[in-house]
Amino acid sequence: MSSLRKTILSITLGLICIIAFQTHLYAQRLKISKERIASLESIAARQRSLWEEMNSQNTRSFDVYLDSIKEANPDRYLAIMHFQDSMKLRRESEAMKYKERNMVKYDSLLAVAGSVNRSSINLSNGLFEQIPGEVLKMGPLDTLNISDNKIANVSSETMGNLAVRHLNLQGNQLGARRLSLEKNNTIQILNLAGNQMDNLPRKLKRLKGLKSLNLADNQLGKNGNHIKFKKLVSLEELNLSNNELGSIPKSLRKLKNLKKLSLNNCHLTSLKWLEKLKSLEDVELDYNIVALDPRYFYTLNRLMTLSMRKCGLIDLPPEISYLDELKKLALPENKLTKLPKEIGELKKLEYLMVYKNELKSIPEEVFGLTELNWLDIYYNEINDLPEQIANLDKLEILFLSYNKFDELPASIGEMTNLKELYAHDNQLRDLPDVSKLKNLRYLHLQHNNLTEFPSSILKLNQLEELNLSYNLISEFPAQITEFENLNFIYLQKNQTEMDTMEYEQFKMALKDLNDRGVRIMFDYPGSDEE
């Protein structure tokens, strides 16, 4: 056997071994024990129970409030009802005035468009009941926006004559059976949001080149209707938010090229079938009662964005580490009490948002996420921030507000890429040296226990907004005029001593800032500034 053949055979055997090893690892990765499945299902059941209890309490408390008002003060109750009715009528009236005010005189618009070979036409809020015939006679368009009108029917003849890449029909009155589509390969972006659709247009499948489809704010899934997607092989973006789906449509598995999927507020209780969408890069699941079950996301190894706002999450499974391409993880307004250490394996993560949870601490593995650009732990129950925070040397935005910090680590002063730091509504007594934070533009420290103006702030030449209100500071320096880029400064509700020479100099500094156009909030003697 020649040396070349031996080399080729060796390489081939090597590749087979590598593939077999990777397949073995993948199989092991997906293996979940019966005990683990039972645990996941228990978590999901508890989550649903907590969600239903919370919603029941909120609804009940409002109903009880109205009932108590109705019995104790009938006049007040009638006034509330009258106010709600009047506000509804007022909103409807304002909406009509807005549409009339923005009524498009499309004849002159089209004349101008034709003369300059314009490729985009905007006829939104025009009270149109059909697509104007003049539009249909025009040549190919890039964009036709005819949203928020009164179009109740689009015939196949109309669509057959219309050559457009981006068609926006949002906020009309089409319904599924009032939109007929001829074979039209020009439409790539189609917006049908807010059209009272309880099913898909029958001939939607004819749009072979369709890449983006918006079906949000309809009635899809109402009364248990099943939604079936067929032959949309080119579809890359799909928005089904604010429908009544109840579950992820099984037919979505046919959309092999789908990269972005929005399923916000779709009454989902499970993520089943999500695992079939292996090309997904971006998924939004906000406002659904769904637990993160690894059985339904382990194949999404291309996923870069995962958003689950207000889903009632009580657990973030360690299998989150499977999503190793993840760049953005948004889990705000849930019931998480901890984050798993495996989150530290998401080495490409740039954006982590876990505000309004019940976290007591942040695992140290988070501080190994060196690509992190945005960290939001706002509104939790955290009382300690370790020195390792400085390892996040690419961090630009840091939200620490509404926690229980009484101090910040000295290392925070080494985070030279920080542009925005929000640490208000804590219990801070002082601020570490931040003079090296030359890129800092926004600094919010209001509602703390600061007794002195942090002098290192004066070195922050790029600062645009400074908020030190509602603290215990007795003296402010006249050097605040050195902030060359300042737009807003909030200093009200402190314990400023006003009978000193320093205060007189400080007043002159405020005048200089005011003359420069800086917005100032401060308790001048006799003022009622809040």
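These questions and answers walk through a predicted model of one protein chain.

Residues are numbered from 1 along each chain as its sequence is written, and side-chain values use heavy atoms, with hydrogens and water left out. Because this is a predicted model, local features need pLDDT of at least 70 and side-chain atom pairs count only at pLDDT 80 or more, while totals for chains, interfaces and linings use all residues.

Q: How many helices and strands does the chain have?
A: Helices (H or I, at least four residues) and strands (E, at least two) are DSSP runs, numbered from the N terminus. Counted in this way, the secondary structure comes to 7 helices and 18 strands.

Q: What percentage of the 530 residues counts as buried?
A: A residue is buried under 20% relative accessible area, exposed over 50% and partly exposed in between (1.4 Å probe, protein chains only). By that cut-off, the buried part of the chain's 530 residues is 43%.

Q: Where in the chain is L466, and is it buried or exposed?
A: L466 has its place in strand β16, residues 465-467. Its relative accessibility is 0%, so L466 counts as buried.

Q: Which residues does L466 touch, not counting residues up to four places away in sequence?
A: Contact means heavy atoms within 4.5 Å. H444 is 22 residues from L466 in sequence, and the C-alpha atoms of the two are 6.0 Å apart in space. The residues that L466 touches are L443, F453, I457, F483, L486, F488, I489 and Y490.

Q: How many salt bridges does a search of the whole structure find?
A: A salt bridge is a side-chain nitrogen of Lys or Arg within 4 Å of a carboxyl oxygen of Asp or Glu. With that rule, the search of the whole structure gives 15.

Q: How many residues apart in sequence are the parts tied together by E319 and R36?
A: The side chains of E319 and R36 meet in a salt bridge, with N to O at 2.7 Å. E319 lies in the loop between β9 (305-307) and β10 (328-330), and R36 in helix α2 (residues 34-72), so the separation in sequence of the parts they tie together is 283 residues.

Q: Is E319 buried or exposed?
A: The relative accessible area of E319 is 11%. That value is under the 20% cut-off, so E319 is buried.

Q: Which loops hold K436 and E414?
A: The side chains of these two residues meet in a salt bridge of 3.4 Å, N to O. The pair links distant parts of the chain, 22 residues apart: K436 is in the loop between β14 and β15 (442-444), and E414 is in the loop between β13 and β14.

Q: Why are D515 and K511 separated by about one helical turn?
A: D515 forms a salt bridge with K511, the closest N and O atoms being 3.1 Å apart. D515 counts as exposed at 52% relative accessibility, whereas K511 counts as partly exposed at 47%. They are separated by about one helical turn because they are 4 residues apart in helix α7, residues 501-515.

Q: Which residues form a negative surface patch?
A: Patches of charge are made of residues with over 30% relative accessible area and no salt bridge, with like charges joined within 9 Å. E407, one of the residues in this patch, is partly exposed with a relative accessible area of 48%. E407 is found in the loop between β13 (397-399) and β14 (420-422). The patch is formed by D384, E387, E407, D430 and E452.

Q: What is the phi of Y402, and where does Y402 lie?
A: Most residues other than glycine have a negative phi. Y402 is not a glycine, yet its phi is positive, at about 55°. Y402 lies in the loop between β13 and β14.

Note on methods: Patch = residues over 30% accessible without salt bridge, like charges linked within 9 Å, V, L, I, M, F, W, Y side chains within 5 Å. Areas by Shrake-Rupley, 256 points an atom, 1.4 Å probe, with all protein chains shown as cover. Lys, Arg positive; Asp, Glu negative; His and termini not counted. Charge placed at Lys NZ, Arg CZ, Asp CG, Glu CD.
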